[in-house]
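Subject: Structure handover

Hi,

Here is the structure for you to take over. Please load it first, then read on.

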Amino acid sequence: MSKRLSAGQRRAAILQAAKALFAENGLHGVSVDAIAERLNVSPATLYKHFASKEALYEAVINATACNRESYVDAVLRGPSDFASVLRRIARTFVDSVAADPDFLRMEMHAVLEGNPFAGRFFENRWKHFADYIEMGIRELAPLGQAATVDVPSATLLFQGMLREALYAKCVYQSEQYRDIPLHRLVDRCIDLFLRAIGYRERRLEGAA
Amino acid sequence: MAEFDAELDARGLNCPLPILRAKKSINELSSGQVLKIVATDPGAVKDFEAFCKQTGNELVSSKEQGSEFVFMIRKQ
């Protein structure tokens with residue numbers, strides 16, 4: 001960052017460098033000096049933009065919150081039955097995470113560090129699925145389209161599979177799953193999930 | 001006279017549920033009729049703008065009332 005940057009460009013560069021370091025080492029494992037060194041600037045330059053390391057960490061999280069996944073297109077671009085929408089919103093989510101896997105690493109660190117601010121953010125990022133699955137099963141079960149299952153456990157099952165698929169493909173780069181594209185892996189997990197909740201497809205309406 | 005023909009209570013719901021419910025509710029309306037949606041998810045503001053842009057329905061109004069967001073959407 002030796003060349004002259006506008007304030008906006010400098011702020012963006014700081015956020016990007018800080019995110020990479022937080023992803024590698026967590027909030028507590030990164031010092032302001034280390035971020036400054038990565039950017040080849042003085043710590044005083046960082047403090048001009050962010051009051052503290054914690055404020056910078058929150059700004060990194062907030063920058064992602066502003067760019068949260070939009071599921072509007074996922075909902076509109078196909079049939080509205082439970083399984084079809086679940087597949088499309090899952091694809092939207094995994095595409096977003098795969099494009100920026102640093103956030104998976106930040107999430108891991110946040111859990112270990114017990115950071116409440118980051119914890120809320122990451123929990124909310126998964127909440128879309130939790131709410132959708134909970135509502136879906138509660139509505140489908142009385143219609144005979146899903147079994148009477150324990151809803152919180154079903155939600156946990158889905159999140160666990162999706163999260164693990166993302167770790168395997170984007171963080172661990174696992175050999176075992178190397179030849180399976182992420183979308184196919186996610187689709188297979190969703191097939192298993194739908195079987196587990198006793199889902200029976202009954203399309204009540206056609207494509208949007 | 002009511003300014004809307006149907007109402008959708010999407011309070012407490014997170015995306016994609018308000019959009020999914022709105023899609024179903026609007027399917028049941030005739031052209032020119034208005035759906036009122038009340039939501040609490042702040043993300044709904046951007047979501048319903050995108051929803052109307054993509055579906056061609058008209059976003060008649062989008063208002064914040066306390067902790068709630070009220071949208072009026074006219075079916076094309």
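Predicted model: local features only at pLDDT ≥ 70, side-chain atom pairs only at ≥ 80, totals over all residues.

Overall make-up first. Chain B holds four strands and two helices. Their order along the sequence is β-α-β-α-β-β. The radius of gyration is 11 Å, close to the 11 Å that the globule rule gives for 76 residues, so chain B is as compact as a globular protein of that length. Along the principal axes, its C-alpha atoms fill a box of roughly 30 × 30 × 15 Å.

Next, burial and contacts. In chain B, 37% of the 76 residues count as buried. Take the contacts in chain B between residues at least 6 apart in sequence: 60% of them join residues at least 24 apart.

Now the strand pairing. Strand E1 of chain B covers residues 6–10, and strand E2 of chain B covers residues 34–39. E1(B) and E2(B) pair in the parallel sense, over five bridges. In this pairing, Asp9(B) stands opposite Val38(B) in E2(B). Helix H1 of chain B spans residues 17–27. Together, E1(B), H1(B) and E2(B) make a right-handed β-α-β unit.

E2(B) also pairs with strand E4 of chain B, residues 68–74. These two run antiparallel and are joined by six bridges. Here Leu35(B) stands opposite Ile73(B) in E4(B).

Best wishes

Conventions: Residues numbered from 1 in each chain as written. Chains lettered and ligands numbered in written order. Rg over C-alpha atoms; globule rule 2.2 N^0.38 Å. Buried ≥ 20, exposed ≤ 12 C-beta atoms within 10 Å, placed from the backbone. Contact = placed C-beta atoms within 7 Å. Pairing = 2+ DSSP bridges. Right-handed = clockwise from strand over helix to strand, strands pointing away.
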